[in-house]
Structure formats: C-alpha cells, structure tokens
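Q: I am new to protein structures and would like to learn how to read one. Could we go through a model together, feature by feature?

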Amino acid sequence: MLRPKFLLLLLPGLAALAFCAALRASASGVCDPHAYGAKVNGTSKDTAAIQAAIDACERRGGGVVRLTPGTWLSAPIVLKSNVTLQLDQGAILLASSDHQDYPPKMEFRAPGLRSLVSATDATHVSITGKGVIDGAGESWWQEARSVDDHGVMGSDKPRPRLVVFDHCRHVLVEGVTIQNSPMWQLVPYYSDDVTIRNIKILAPQHSPNTDAIDPFSSSHVRIDHVYADVGDDDVAIKSGEANSPGPDDPSRDITITDCIFLHGHGLSVGSEIAGGAQNIRAERIHFDGTDNGIRIKANRDRGNDVSALLFRNIDMKNVKNAIIISEYYPKILPPDPDPPQPVTRLTPHFHAITLENVTATDIASAGAIAGLPEAPIRDVVLKHVRIDAQHGLAISNADVSAERLTVHASDEGPPITKGAGGNLALH
C-alpha cells in the first residue's frame, strides 16, 4: 500500500492540499469540512462538505466534525454514531431557505420533511459548542399561517423540524443555541439516554409550533439549565399522535431542572400522549411571561396512562394560566352537558400528580383541574402552593388533596370552584 507522501505525488495541487487536511484531521480526531470543500461564506451551500466530514468520521469509528466561526449554509445533514458535531463560538449552521432542499419522508409515522440535522438509529451522538443552529423558519411560518391544520402531525402542508434524534441512544446536546425552527426545534423520538443541558432555544413569540424540546416516546431524558423563549411549548412531553392506531411507547423517566421559560406555552405533558407518560420530575423552573405554567393535557382521542408526575420548587410570574390539568384539549373546561363516553384505548387516565412549593404571582387565571366523567383525574396533591390571580381555580371530575394551598382571586368570583365530580380535601 502506498504511503501518504507517495500518494501526494500523484495528486494535483488542490487535491493534495485537501488530502493533507484530511490526514491532519484524521490524526487529531477532528474531521474538518474545509478539507471537503466548505466555503463558509453564507451563500454557497456547505451541505456536501459537512456530510462528507461526518461520513469520514463514521468510517474511522467516530470523531468530531468541527464548524469554525462563520456562516455555514446547509440543506439537511445526517449525523452518525460516535460523531460529535461541534459548533465553535461564532459558528452558525444556517438552514437553507429553499424549501425544495427538504425532501419528503415518513417521520413519526406521518408524512413529513427531513429536518436540518437528524440522526437515526445512532448511538453516542452529540451536538456541542457555543455556536448557533438557525432554522431560518420565517418563510415556513408565513406559509403555515395560511393552513388550518398547520400544527397537526400528518398535515398536508408539513414543515421540517430542526434537530431530530430518531431511535437513538446516548445523545448529548450541550452549549449551543438552537433557534428559528420551521416547526418543533429539538425532538428526541423513541430515543434513550438523552442529555440536553446548558442550551438556549429561541423563536419569535408568535411563531407557530416552535416548541423548544419535545421528548417523544423517549426514556431517561435529562433537560437541565435550558433557557427557552419560543412561540409554543417550552417543553412538551409526547408519546403518540391523535387517533393513533398504536402501539405507542410511553415517555418516561424524564427530569427537567433549573430552567428558565419566557415566552411560550409552558411546561407541558401532552397533548399527543397516546402512549402515556410516567415518572416525570420538574424542579426549580422559573416561568416569566409564558401562556401557561404547568400544563398536562389530552383528550378522548389521544390519551393513555399519565402518572407519577412531580413538579417541585416552581415559581411563575406574568403567566396567563398557572396550572392546567385537563382532559379536554384544546379546550380546558368541559362542555355542558358532558355525559360519560365509552372508555377506549385512547381514553386519558391522569393520576398521581404532585405540585409542591409552587408560587405564582401576577397570574390571569389560577387554572383548572378537569377530568372526564368516564375517567376522573385521581390523586392530585397540591402542597405549599400559592397563586395570586385574577380568576380562581376550577376543579371538576378530579380528586385533589391540598396542604397549605392558597388561591387569591382578585375578581368577584370564588378562589376555588368545584364542578361536577370535583373533590378537594384540605389538610
């Protein structure tokens, strides 16, 4: 086999330089997209160069694909096992604004479009650094606003998500800023052992469906020190779309700690929760200006077992709805009348939900705990909860126990209203 110095004699000048760069990258553990023709000028697409560097890293068993400062314009790229995509401070991975660059694909069992960054069936895959992944979502948002079902999975007008880990294990996302996705921004789908920490996720306040983080049928997920200021859910834990034929895996063993949520729809479990969700813990979360604080949501067409949820050491201010635990999504309160309906595979069953040390001030509505007559919400515990709001808390078809619960309502209504099937035990 020829040694590298002899191979160089056979290559023309430019190719030789690229070959040298590739050899240096291989020796250092870094796969450099510059070696494969990256321009980094914000106008030429660097897709092929970035993907070539990823593929080269994979072939030699793993490594780091490093994006240096500058604007890396790109169509979709695919990460591989044992590969880290590192964005240096000042590096921007900018999504192409050409909608034709996003090919159709079946994603999450529904028609979709390929995301800017994805990994499928990969292990030990990471995105790190202090750079930015920008989805250039404005043109997609404009189109979505003209479509009635733009936020529904399987819509005839799909939009790409920004970063998707599909059936992956041992995932790390750390340090980066993720912003302006056409739709959901960061999605672990059927993935296990996922760590998301010390990142920012941003989008304009009214950008449609720009959820920050959506763990979907995923397990052992850690979300820590995340700053989210977006147009939809700051975190939405999901596990199966509406009217899902099944089977759907649950989302479980998820922790959310030390986060700041500004604009957005709050910390949600649901609404697409046909596989259920268990063992969710959220602690030390600060909400300021979100539409909702804590929201657990489903309906008769998208539910399952949702249990063992703990929300502790939470503070909120300037939030529209402090607490919503409702089985009537997208509405909150039941219609009148609301007779019981048959229990099906998709009937939601909410139980074993604890809120402890929650303080909410300058709140429009304390919220609601509203179960279905055929599936009341069970075992909700409110411990050391104080809410100062304009409107009080409504409870129906739910069993709630409370210790040191204080709800102040500044309007003329009562601080707590109990509807049909609503039970509140104060201790």
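A: Let us begin with one residue. This is a predicted model, and in it S74 counts as buried because its relative accessibility is 0%, where buried means under 20%. S74 is found in strand β3.

Q: Which residues is S74 in contact with, leaving aside its neighbours within four places in sequence?

A: Contact here means heavy atoms within 4.5 Å. Beyond those neighbours, S74 is in contact with T47, I50, L93, L94, A95, S96, Y102 and L116. Two of these names, T47 and I50, come back among the buried residues of helix α3.

Q: Which residues of α3 are buried?

A: Start with the general idea. An α-helix has 3.6 residues a turn, so residues three or four places apart point the same way. In α3 the buried residues are T47, A49, I50, Q51, A53, I54, A56 and C57.

Q: What do the buried residues of α3 pack against?

A: Their partners are strands: β1 (30-31), β2 (63-67), β3 (70-74), β4 (77-78), β5 (83-87) and β6 (91-95). Strand β3 is the one that holds S74. Just after α3 comes G61, with a positive phi of about 95 degrees.

Q: How should I read a positive phi?

A: Most residues other than glycine have a negative phi, and most peptide bonds are trans. One case here is H170, with a positive phi of about 60 degrees although it is not a glycine. H170 sits in strand β13, residues 169-174. Another case is R404, whose phi is near 55 degrees, and R404 is found in strand β27, residues 398-409.

Q: Are H170 and R404 buried, partly exposed or exposed?

A: Compare each value with the cut-offs: under 20% is buried, over 50% is exposed, and in between is partly exposed. H170 has a relative accessible area of 27%, so it is partly exposed. R404 has 59% relative accessibility, so it counts as exposed.

Q: You mentioned peptide bonds. Where are cis peptide bonds found here?

A: One joins Y329 and P330, with omega about 10 degrees. Another joins D336 and P337, with omega about 5 degrees. As for their places, P330 is in the loop between β24 (321-326) and β25 (349-370), and P337 is also in the loop between β24 and β25.

Q: How can residues that are apart along the chain be brought together in space?

A: V400 and L382 are 18 residues apart along the chain, while their C-alpha atoms are separated by 7.5 Å. Leaving aside neighbours within four places, V400 is in contact with I369, V380, L382, I395, N423, L424 and A425. V400 counts as buried because its relative accessibility is 4%.

Q: What does T177 show about separation in sequence and in space?

A: T177 lies in strand β14, residues 177-179. T177 and K130 are 47 residues apart in sequence and 7.1 Å apart in space, C-alpha to C-alpha. Apart from neighbours within four places, T177 is in contact with G131, V132, I133, K200 and L202. With a relative accessible area of 15%, T177 is buried, because the cut-off is 20%.

Q: Now the whole chain, please. How many helices and strands are there?

A: The protein chain has four helices and 29 strands. Among its contacts with a separation of 6 or more, 72% join residues 24 or more positions apart. Of its 427 residues, 54% count as buried.

Q: What does the radius of gyration say about the chain?

A: It is compared with the value for a compact globule. For 427 residues that would be near 22 Å, and the protein chain has 24 Å, which agrees. Along its principal axes, the C-alpha trace spans about 85 × 40 × 40 Å.

Q: What about surface and charge?

A: The protein chain exposes about 17300 Å², and carbon and sulfur atoms supply 52% of it. There are 39 positive and 50 negative side chains, with the centres of the two sets 7 Å apart.

Note on methods: Residues numbered from 1 in each chain as written. Predicted model: local features only at pLDDT ≥ 70, side-chain atom pairs only at ≥ 80, totals over all residues. Heavy atoms only, no water. Helix = DSSP H or I, 4+ residues; strand = E, 2+ residues; numbered from the N terminus. Rg over C-alpha atoms; globule rule 2.2 N^0.38 Å. Buried < 20%, exposed > 50% of the residue type's maximum accessible area, 1.4 Å probe, protein only. Areas by Shrake-Rupley, 256 points an atom, 1.4 Å probe, with all protein chains shown as cover. Lys, Arg positive; Asp, Glu negative; His and termini not counted. Charge placed at Lys NZ, Arg CZ, Asp CG, Glu CD.
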